[in-house]
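The sequence and structure come first.

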Amino acid sequence: MSRFSEPAYLEIARRKQAQLDLGIPAEWRLPAHLIPAGMLFPPGSVTHSQAYLRENVMDIPRRSGLLTQRELSITENWDVRGLLAQMREGTFSAEDVIRAFSKRAAIAHQVTRCLTEPLFPSAVQRAQHLDSILQRTGKPVGPLHGLPVSVKDSFRIKGVDSCIGLTALAFKPSTFHARLVNMLLSLGAVIIAKTNGSQAMAAPDCYNHVFGRTLNPLNHQLTVGGSSGGEAALVAMRGSMVGFGTDIGGSIRVPAMCTGLYGFKPSVGRIPFGGVVTGQTPGLGRVPLQGVAGPLAPSVADLGAVLAEIVPKAERFGEDCMPGHWGSESPPVSDMQTREFTVGVLRADGLVTPLPPVARVLDEVADSLRRTPGVRVVDIPVPPGLRKCQGIAGRLMGADGGVRLLDLLESTSEPLIPWLQDRMKRRGPLSPKQLDELEDQRYAVEKELLGMWTVDGDCTKRIDAIITPVAPHPVPEIDRFNAIGYTASFVLLDYPAGTIPVRNFSESDLDSGIVMDSPVLGSWDRVNRELWKGKSVDRRVYLDSPLSIQVVTPKQHDYELFQAMEIIDQAIQSRKGATC
């Protein structure tokens, strides 16, 4: 086929990739010997893990020689509150910080393809403006003065594309900021880049035909997760202090799991979501199943530092937000003298049986919590209604029949990415009657699952938080993420949920429960078992990958989720310290 008869999407993708390439300053480019072999493939030319080597690129920023010792200190030695204090005290200027993180983000992109829109010049200019105000007035510009953050490509920024991996939306810059972008700027933060996601944010991997595949910096053979995979790769490599993604099926929690980060999916209405570009019919996203925005960060403390500033003020910026506070009106759950903190262990969703290493790490966390003074651990039987959640959520996510997304793809002859090819077909939109029936099913499930938050059905004995897998398998190879029911169910229920990394996959995990003799529960379960004992998988690919858990609290108990994550994370760290 000649170039003149090629599909339109290919030429658009080349132009967009060339624009992205120009956004990386020449002086910040890595020497050739530090570029991993897989990065030499043209974006979009490779779709399977076998083409990539087992590359861990986490140390390349330090090895590259591009970052000075001061820049390494700025990007590696501080948490959010500490870095903010250094800028307030004048140890670092905002310009120092933003230049260091921008350079590190550029390096991260060259080894993972995590960026879509580098905003380095405007970020430095904003940092200089913040510095001038601080010098003139002695007061920082907002509580997040100078904090380098990044946002998923779907968040509109005026003058910049938000094409969400669709060539049909490329070269159509936004004319306004998303509500969260306005809020972050008001708080004093500096947005240094936008990051890559899956095609139309519709897959738990991070691949599209515009920018190519974002690779996992821990192991290029494994998925970085999706759809907020670019955020995960960038934050994991310390190219941003905090990244903001979106989550409608697990798109914050899954990438956090894949890269060993902490992720936080809030309840609807806690963080502004208006102005986010989606692949759905405009307006439909607030009717059947609502996505949310949330942060990914290297620690629970960093999540808390930004949420403490966003949640109480969100209603001022987002028409979709409600009044909120960041603090408990009841005694803090960390105060073990006032009452017992009860954690429920939910081992499965009734549809897909977790693979042995996933079940093992959940047991380890439960055991650590049992050893924690003031904490009670109880097992939660799988509620029958939980088995229904994934199906209801899936139908609501596809309420428009894929019409909007498939129309956009067809306009430039762009194909679906591999993960979606067998999962998405054009269907008729759900009728009002069908939506009503699904909502009735949701209400019934919500009512039933209220019982999950009590001990033995006693309403006076409440469960404060639940721990459960993020996924029924370890971090899989590219395009092999199997079941999103463990995350999508809590979107359907609007329960806040977070990801906590526990430890890395070890040699001993290879021999844990090699034989799974429980009955196969269905097609999802069958595919999941192939990731452990299938002929196409060598289990050693999982070695050194992060193993994580998910923490869940009831609807609108977002601050309590943060507190629960603190307690559970401390128990995990105490266990690590005891075994060192």
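## Helices α3 and α5

In this predicted model, α3 meets α5 through two sets of residues. Arg-70, Glu-71, Leu-72, Ile-74, Thr-75 and Glu-76 contribute from α3. Asp-96, Val-97, Ala-100, Phe-101, Lys-103 and Arg-104 contribute from α5. By class, this contact has six charged residues, five nonpolar and one polar.

Helix α3 spans residues 69-76, and helix α5 spans residues 94-112. Their axes lie 9 Å apart, at an angle of about 90 degrees. Angles of 65 to 115 degrees count as roughly perpendicular, so α3 is roughly perpendicular to α5.

## Helices α12 and α15

Helix α12 covers residues 386-397, and helix α15 covers residues 432-449. Their axes come within 10 Å and cross at roughly 150 degrees. The cut-off for roughly antiparallel is over 145 degrees, so α12 runs roughly antiparallel to α15. The crossing is left-handed.

On the α12 side, the contact uses Leu-386, Lys-388, Cys-389, Ile-392, Arg-395 and Leu-396. On the α15 side are Gln-434, Leu-435, Leu-438, Glu-439, Gln-441, Arg-442, Val-445 and Leu-449. The residues of this contact divide into eight nonpolar, four charged and two polar.

## Gln-390 in α12

Gln-390 also belongs to helix α12. Is Gln-390 buried or exposed? Its relative accessibility is 11%. Buried means under 20%, so Gln-390 counts as buried.

## Helix α8

Helix α8 takes in residues 229-236. Eight of its eight residues are buried, so α8 is largely enclosed by the rest of the structure. The buried residues are Gly-229, Gly-230, Glu-231, Ala-232, Ala-233, Leu-234, Val-235 and Ala-236.

## Cysteines

How many disulfides does the structure hold? The count is zero. For Cys-389, the nearest cysteine sulfur is that of Cys-459, 20 Å away. A disulfide needs the two sulfur atoms within 2.5 Å, so Cys-389 is in no disulfide.

Cys-389 has 0% relative accessibility and counts as buried. Cys-389 is also one of the α12 residues that make the contact with α15. Cys-321 is buried too, because its relative accessible area is 14% and the cut-off is under 20%.

Definitions and conventions: Residues numbered from 1 in each chain as written. Predicted model: local features only at pLDDT ≥ 70, side-chain atom pairs only at ≥ 80, totals over all residues. Heavy atoms only, no water. Buried < 20%, exposed > 50% of the residue type's maximum accessible area, 1.4 Å probe, protein only. Axes fitted to C-alpha atoms, helices over the stretch in contact; angles between N-to-C directions. Helix = DSSP H or I, 4+ residues; strand = E, 2+ residues; numbered from the N terminus. Parallel < 35°, antiparallel > 145°, perpendicular 65-115°, else oblique. Left-handed = near helix turned anticlockwise from the far one by under 90°. Contact = heavy atoms within 4.5 Å. Nonpolar A, V, L, I, M, F, W, Y, C, P; charged D, E, K, R; others polar.
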